[in-house]
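Please keep the sequence and the 3D view open as you read.

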Amino acid sequence: MKSLIRILALAANTFREAIRNKLLYTLLGFSIVMIGAGVLLATLSYVEVDEILQDMGMAAIRLFSSGIAIFVGVGLIHNEVERRTIFTILSKPVSRGEFLVGKWAGLTFTVWLQLVLMAAAFALVSWLAGAPLAAPHALAIALIGFELMVLVALATFFSSFSTPMLSSFFTFGLWLIGHLSRDLYLLGQQSDQASVSRLAGALYAVLPDFEIFNKSLEAVHGLPIHGFEIGFAMLYAVGYSGFILVLAAAVFSRRDLK
Amino acid sequence: MSGTGRAVVHVGNLVKDFRVGFGMRRRRVLSDVSFSAFEGEIFGFVGPNGAGKTTTLKILMGLIRPTSGSASILGRNVAESEFRDQIGFLPENPYFYPFLTAREILDFYARLSGVETRRRAERVAELLAMVHLDYAADMRLKTFSKGMLQRVGVAQALIHDPSVVFLDEPMSGLDPIGRREIRELILALRAAGKTVFMSTHILSDVELICDRVAIIVKGAIRRQGRTLELVGDGTSSAQIVVSALSADAADAIEAGFSVSLRGSGDRVEICTEPKDVEEILGIVLRSGGRVIEVKRLSQSLEDVFMEAVRAAEGDR
């Protein structure tokens with residue numbers, strides 16, 4: 001219980017600090033403008049205007065929300081160590097694991113709030129363009145929220161031992177791979193060589209699969225999104241984030257904070 | 001008062017090596033450091049820049065791990081975190097989240113330290129008043145001066161009423177009034193039964209308020225003990241100030257004792273060993289001279305410190 005209180009205090013503080021940072025508002029404002037511009041650009045199309053418009057909007061939300069999560073996440077722990085704010089925190093009865101989980105939770109709430117604002121802007125622009133969003137769109141956007149949760153965990157992990165520059169390369173790289181890992185796995189399974197299939201399977205088990213959270217196509221084209229898919233995505237996000245955070249805590253606990 | 005209670009901070013044979021450069025070469029920053037700070041005392045941890053003070057403090061705070069040796073606070077291994085609600089820490093040049101206010105940051109630290117919800121607001125207000133920041137309670141920390149941030153640092157270290165307080169350069173960034181206030185606060189903490197471990201460069205502060213001192217130079221403890229004993233150890237002379245000292249008496253004193261005489265007429269200063277003071281006084285008085293002043297010349301902590309630094313230089 002005490003541990004939970006400390007984690008919540010760290011999360012609330014991270015959230016409060018983040019939402020007072022003007023830089024985040026600049027990023028958010030830019031993202032919303034780009035989402036709106038992209039969506040309006042799609043109205044110039046002659047065919048399937050509604051689908052293209054919504055597809056562009058969903059893609060822009062995924063891209064910009066992920067970009068913000070990576071941009072802020074990679075400095076999350078590194079900046080605490082560089083600015084020495086961590087010294088006073090860890091001198092309290094706070095374990096390094098609690099610190100990481102608190103920071104991760106705070107940033108996840110922050111990027112969720114930004115996702116909601118981006119989604120609201122997207123809904124408004126879509127409505128103005130005559131292609132209002134429906135429940136499946138909301139589900140697809142909620143799944144992006146789970147993707148962000150995993151992405152922030154990855155950024156937190158890299159930030160716990162690396163510089164923001166390297167962390168952003170690693171996290172962005174894993175984000176890209178995470179959207180291709182399922183294809184790589186399927187490709188590996190078609191190989192005649194057992195070792196290749198096994199390697200593809202092992203990599204798929206370790207690498208994130210971000211396509212689990214991608215239901216944009218279904219939302220845009222009115223295809224069903226099943227409850228079990230949502231449930232599995234939630235479990236996957238919680239499980240994978242937990243795994244990465246445990247790994248981050250193990251690495252971070254051994255680190256000298258000079 | 002000091003050195004008589006239980007050891008609340010204990011460091012034994014502490015060694016710390018850092019890996020530096022591309023070759024990951026080992027650089028030893030602490031070698032065989034041992035000391036104890038006892039319950040209810042103010043312990044001064046002094047040394048020149050780069051001596052290993054902050055490294056030792058960071059090991060005590062669990063921020064870095066020792067290469068070998070042991071470190072404990074209140075009998076608990078410093079690698080643990082649960083007992084830290086009993087300790088407070090002010091790092092050197094503390095930095096806080098700039099977008100929070102003083103009240104918010106103290107409330108945050110109070111939550112982390114497990115201060116009860118119903119007591120929190122009251123405790124935060126108490127601490128803000130204690131460090132004279134009540135007028136700036138709702139100002140964001142990015143607008144604070146260095147001295148104000150130092151006061152926030154002191155407040156966060158005490159927010160949960162810890163029994164052991166670690167202060168790394170507590171006077172840093174403070175004006176003379178602020179320094180005096182912090183000195184008084186440290187003395188008040190001792191009066192309340194707290195143990196204060198203070199790392200500082202300002203030797204006059206240490207001499208004024210610390211019960212015991214350890215001097216660290218080049219990663220090794222060179223001297224440690226009660227402050228009074230350390231400065232007392234170096235008492236090697238006494239000074240007698242006299243007037244109307246006759247030439248015969250002066251000659252007799254210079255011939256019979258190991259002394260140095262300075263001045264003439266109304267004021268002659270005789271520096272000698274303490275054991276010879278009575279005999280010299282006898283000669284002065286018998287010759288018709290008058291004694292103006294007799295005083296012991298003690299070493300200052302600065303002298304002891306410089307001696308330790310020189311000895312360390314000689315060990316290289």
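How many residues of chain B are in contact with chain A? The answer is 36 residues of chain B, which touch 30 residues of chain A; contact means heavy atoms within 4.5 Å.

## Reading the model

This is a predicted model, in which local features need pLDDT of at least 70 and side-chain atom pairs count only at pLDDT 80 or more, while totals for chains, interfaces and linings use all residues. Residues are numbered from 1 along each chain as its sequence is written, chains are lettered from A and ligands numbered from 1 in the order in which they are written, and side-chain values use heavy atoms, with hydrogens and water left out.

## Where the chains meet

Chains B and A bury about 3000 Å² between them, and carbon and sulfur atoms give 55% of that area. Buried area here is the accessible area (1.4 Å probe) that two parts lose on being put together, summed over both. L63(B), Y97(B) and L112(B) supply 24% of what chain B buries against chain A, more than any other three residues.

There are also 3 salt bridges between the two chains, each a side-chain nitrogen of Lys or Arg within 4 Å of a carboxyl oxygen of Asp or Glu. D256(A) forms a salt bridge with K16(B), with the closest N and O atoms 2.5 Å apart. On the chain B side, the elements giving two or more residues are β1 (7-20), β6 (87-90), α2 (102-112) and α4 (146-158); helices (H or I, at least four residues) and strands (E, at least two) are DSSP runs, numbered from the N terminus. The largest share, 5 residues, comes from α2(B).

## The largest pocket

Rolling a probe the size of a water molecule over the atoms shows where empty space is left. The largest pocket has a volume of about 540 Å³. A pocket is an open set of points on a 1 Å grid over the protein atoms alone, with protein on both sides within 12 Å along at least five of seven lines, and lining residues have an atom within 4 Å of a point. Grid points are joined across faces, edges and corners, and a volume is the space filled by probe spheres set on the points.

Of the 20 residues lining this pocket, E17(A), N21(A), V72(A), N79(A) and R83(A) are the closest to its centre. α1(A) gives the most to the lining, with 3 residues.

## An enclosed cavity

The whole structure has 1 cavity of 30 Å³ or more, a cavity being a set of points where a 1.4 Å probe fits but cannot get out. The volume of the largest cavity is about 50 Å³. Its lining consists of V154(B), A157(B), L158(B), V165(B), L167(B), I182(B), L185(B), I186(B) and L189(B). Here α5(B) gives the most, with 4 residues.

## Charged pairs

Side chains of opposite charge can pair when their charged atoms come close. Over all chains, the structure holds 32 salt bridges. One of them joins E229(A) to K215(A), whose closest N and O atoms are 3.1 Å apart. E229(A) lies in helix α12 (residues 227-253) of chain A and K215(A) in the loop between α10 (194-206) and α11 (216-221), so the pair ties together parts that are 14 residues apart in sequence.
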